[in-house]
Each structure stands twice: as C-alpha cells, then as structure tokens.
Amino acid sequence: MIINHPLLGPRDSAEFIYMGDAGLINRPDPETASGEEWYAYAYLRDNPAGEHRELWWHEGGDRSWLVVTRNTVTHEISKVEIARDVARAQGRSK
Amino acid sequence: MRYSGFKVIKEALTGHRGWTPAWRDPEPQSHYDIVIIGGGGHGLATAHYLSKVYDEKRVAVLEKGWIGGGNVGRNTTIIRSNYLLDGNEPFYEMSLKLWEGLEQDLNYNAMISQRGIMNLIHSDAQRDAFVRRGNAMMLNGADAEYLNEDQIRKEYPFLNFDDARFPIKGGLAQRRGGTVRHDAVAWGFARSADSHGVDIIQNCEVQGFRIEGGVCKGVETSRGFVGAGKVGCAVAGNSGRLMAMAGMRLPIESHVLQAFVSEGLKPVLPGVITFGAGHFYVSQSDKGGLVFGGDLDGYNSYAQRGNLPVVEDVCEGGMAIMPMIGRARMLRMWGGIMDMSMDGSPIIDRTHIDGLYFNGGWCYGGFKATPASGYAFAHLLAKDEPHETATAYRIDRFRTGHMIDEKGMGNQPNLH
Ligand SMILES: Cc1cc2nc3c(=O)[nH]c(=O)nc-3n(C[C@H](O)[C@H](O)[C@H](O)COP(=O)(O)OP(=O)(O)OC[C@H]3O[C@@H](n4cnc5c(N)ncnc54)[C@H](O)[C@@H]3O)c2cc1C
C-alpha cells in the first residue's frame, strides 16, 4: 500500500506503524469521564468491512500522525490527512 | 457409512462405486433448537459435540459459503498447548487431549501428527521466560521439555546456530504438539455432526438477527428466516461484522495474516520450529511443502490477501534461521482474516441478548483450539453455564479488568 502523505508525497506503508481506529483521537476527559466511557474507548471497536478512518504513525519518516481513510475490503486509500488538523477541526486545542 | 481399511480395500477392488456423500445437503427448516452461524472448524466442532455429547438433536450450522472455506482451510495447522496463563493453559491442554483421540471419535483420518514443536531461545531473558512457561505447562498436566543448544543441534543440524543477532541458545519443546490436515478437520466434524442429525446448510448467509424484547428468536438469512431457541455465533474474522447486526461492538479488530508454501521437498524438517524473535515459523507438510508464516500485516482488513512488506519480513526471518530455505522456490501464498481480540485471548460467552451466544477472538491461534472450542461452546449452549476450562473467556472481562494477556501487550490487537 502507498500512503499519499500530505507533506511528503507517496510513501510505502511499511514506513508507518498502524495505530488503530481514528476514533482514538477522541480520548475521554479524565476529569469527567465514567468508567464505562473509558472501557468503550480503550476496548470496543466498530471494526467495519468497508471504509475505515484510522491512525498511521510515520515512524520511519517525519514521525507525524496521519488519519488515513482506507477501505478494509479492497485496501484502497481514498483520503490522507494530518491527524493534528483532524483533531483541531473537531475542537481539540492540541 | 463407517470408514475403515477394509472398506478402502473393498472399494479399490470394486471400482470405488460404493462411496456415498460424507454429509447431506438439507433445506433449512423453519425452526431449530440451536442454530450455529459459521461452518468453520469451531462451528462444526460445536455441532459435533452438541449432537454427540450433549444429545441436542435439532441443530443446524449455517455457512455463507462452503464449509471449510474460511480460516480452518487457510491456517498453518499447528497444534500445541504451550500457554502460560491459568485462564488459557487448561483449555488448550484439553484441546490437545481431544486432538489425541479425535480420529477415533470422528472415524475420520485427520492426519494428526504429533511431530513436536520447538520454540527457539536466543538470550538469558528468553530462557527464563520459556522455562517459566514450561513449568506452567507442566503444572497444568501438559508436557514441556527444555533443550540446550547441543540437543537442538542433533535434531535440527541445519539451523543457523551462530547468527550474530539471534544465536540459538536453547529451546522449549512440546513433543505432543504437531500438525493436522486442516481440511479433514472441517470435513470430519461435519460428517460426524451430520450423522448425529445436524443439518449443515451451505450457501446460507446470515444477514440479520430477529431480536424481540431483548430475546433472540432466530436469524434472517439469504435463504429465509430460520427460527431458533438459541443462536451461537462462530464466524472468526467476520465476528465484528456479524455482531454489529445485533447492535454489538466487540473488543475485536479484524486483521489479515499470510501463509506461504514452498515446492514439495523430500523430508527435511522433522517437527515445527518457531523463531519468535525473527517473526517466523515453519513446518513441512506431508506432501513435502515447507509451510511457513510470520506476523500479521498489522492493519484492519477483511481482504483475504496481504501486502509485500510482510512477505519480505517472513522470508528474511526464514533465511536468518534456516538458510537452506533459500534453495526452495515459493509455490503459493494466501491470507486469512483474524479476529484479533484486545488481549490476544478468545471469548466463549453469552451476550447481553437472551438466546444469543458468542464464540470468537481467536486471533491467529484458533486452529489448535478447534476441538476444545467446540466442546466448551456446546457445553455453554446446552447447559447455559461455561465449561470448566473456559470460565475465563468472558465477553465482559475488558470491562471488569480480567484480561488474559499472554504477551502483556495491552489493548493493541496487532501486537498480540
Ligand atoms: C494464515 C493463517 C495461519 C494460521 N495458523 C494457525 C496455526 O498454525 N495454528 C492455529 O492454532 N491457528 C492458526 N490460525 C488461526 C485459525 O485458522 C483460526 O483461529 C480458526 O480457524 C478460526 O475458527 P474457524 O475455523 O471456526 O474459522 P473459519 O473457518 O473462518 O469459520 C468461520 C466461518 O463463518 C462463515 N461466516 C462468516 N460470516 C457469516 C455469515 N454472516 N453467515 C454465515 N456464515 C458466515 C465463514 O464463511 C467461515 O466459513 C491461522 C490462520 C491463518 C489465516
């Protein structure tokens, strides 16, 4: 698979480490979250067959975190974003 | 029809005209006491033990394709019971014992070969860990044997003992481990279940559950509604997809694992070798091909094929530990979809929906578990309580903190 890095252009996926469902960006607030929320965050996954938004960490490159939209049935990648941009767009401060 | 050596000779002399199909091809009935979803090893084993041991007579197995077309027909066929943790080891040891009597139980030649498995050791820390594991195995009635370098040199003289990074310093052997003809496991369980009255229904995809007032009443399939007193799900890599139809999210990710076979060779490799440090394991099939594999590709996938970086990684591992493998040509490679759980251990449990039961999270190690998984799932379905060897395989253990994490990797499924 080739991941089209927004800053570095097309890169071999072997340069990256797969870090799971992009929903992990939305970590519960440690001040207020219930045990149930932490359980769902840490352990439960949608695990869809089809389009999946997921985190890839460019360990063998610029060490940025990306949100990759990829089809889990065909392995086709349709969108690559910088994870920080995605988080900020969702209202996170950093 | 019972199979025997005598029957084979008789058929050979009479032109093989007396063989009959090994199982029927029935139409689905409108209602069963128990419906099993998934005609893989685990679903078929469940049906066998339900009908033979627990005397359940109105049972069906629904399979979306053909039986044995999933992971049971795609794995590298290694059986063993070399686990560390209390939640696991009694279960896998029961499985190994069931394997030992399986061909007689099924009246089917599954080519079970206890040729032994050896985990290689390269450092003092690894030796400590493996000796500890061997002790845990023996405490649970399994066999384990520590071998030093000289003993391994006698059995496997062709290994690369003096590699600079991973010199071979010893090994943990389990002599009762080995390999099995995987397709025969699916067919043998299917034939036995069928002979005890189970309907095995192929080309029947489950497309939804009928759940009324928190009770599961049956399943919607590509061949119509099938009512059921109880529904047991055993669809391995498709667990997430199937249970989503019941509104459930699981502590599971689906990942692809690849396997490889070389051209056929004369016997060169007596047992199974695992080179965990180099992400490589290998055995030789009875046809002569070297059967080998390594790590998961590492990303969510439902495509039954992987990518080239892992091919390279596995072949490098093979060349590092067993350089002569480089003389063999690779014949075939393929992938299967693993139901990777969050702690690397399986689930055999009721769900919060009455009448709906779940078996899954087998990761890349569910083939060896096939008989015990079937036995324990049949026990749960018939008696509504967990089998004594499977009490730790609760679906809510991630909520309660009772993880069974052999490798201590935490909730990252691609590391288990
Ligand atoms: C390359 C590879 C190597 C492996 N090596 C080993 C090994 O050496 N040792 C070991 O112990 N394990 C190994 N495994 C793991 C092992 O194969 C699996 O854990 C085990 O086979 C899973 O259980 P099963 O046989 O029931 O699965 P499967 O055979 O996959 O059965 C599940 C069935 O459910 C069916 N299904 C899915 N969805 C539906 C639906 N909606 N309706 C009806 N039917 C449905 C599928 O078609 C499939 O036939 C390996 C796996 C792979 C891929």
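Student: Which residues come nearest to the ligand?
Tutor: Keep in mind that this is a predicted model. Of the 38 residues around the ligand, the nearest are B:Glu63, B:Asn71, B:Val72, B:Thr76 and B:Lys368.

Student: Which elements of chain B supply the shell around the ligand?
Tutor: At least two residues each come from α2 (41-52), β12 (252-264) and β16 (330-341) of chain B. The largest share is that of β12(B), with three residues. Sorted by class, the shell has 18 nonpolar, 15 polar and five charged residues.

Student: How do I read polar contacts to the ligand?
Tutor: Look for N or O atoms within 3.5 Å of each other. A ligand nitrogen is 2.9 Å from a polar backbone atom of B:Val206. At B:Tyr364, a backbone N or O atom lies 3.1 Å from a ligand nitrogen. At B:Gly366, a polar backbone atom is 2.9 Å from a ligand oxygen. The protein covers 95% of the 1000 Å² of accessible area that the ligand has on its own.

Student: How many residues of chain A are in contact with chain B?
Tutor: There are 24, and they meet 25 residues of chain B. The buried area is about 2200 Å², with 49% from carbon and sulfur atoms. In chain A, A:Tyr43, A:Arg45 and A:Asn47 lose the most area to chain B, together 30% of what that side buries.

Student: How many salt bridges cross the interface of chain A and chain B?
Tutor: The rule finds three. A salt bridge joins the side chains of A:Asp46 and B:Arg249, at 2.8 Å from N to O. In chain A, α1(A) gives the largest share of the side that touches chain B, five residues.

Note on methods
Residues numbered from 1 in each chain as written. Chains lettered and ligands numbered in written order. Predicted model: local features only at pLDDT ≥ 70, side-chain atom pairs only at ≥ 80, totals over all residues. Heavy atoms only, no water. Contact = heavy atoms within 4.5 Å. Buried area = accessible area lost by both parts, 1.4 Å probe. Salt bridge = Lys/Arg side-chain N within 4 Å of Asp/Glu carboxyl O. Helix = DSSP H or I, 4+ residues; strand = E, 2+ residues; numbered from the N terminus. Near = heavy atom within 4 Å. Polar contact = N/O pair within 3.5 Å; in protein donor to acceptor, adjacent residues only side chain to side chain. Areas by Shrake-Rupley, 256 points an atom, 1.4 Å probe, with all protein chains shown as cover. Nonpolar A, V, L, I, M, F, W, Y, C, P; charged D, E, K, R; others polar.
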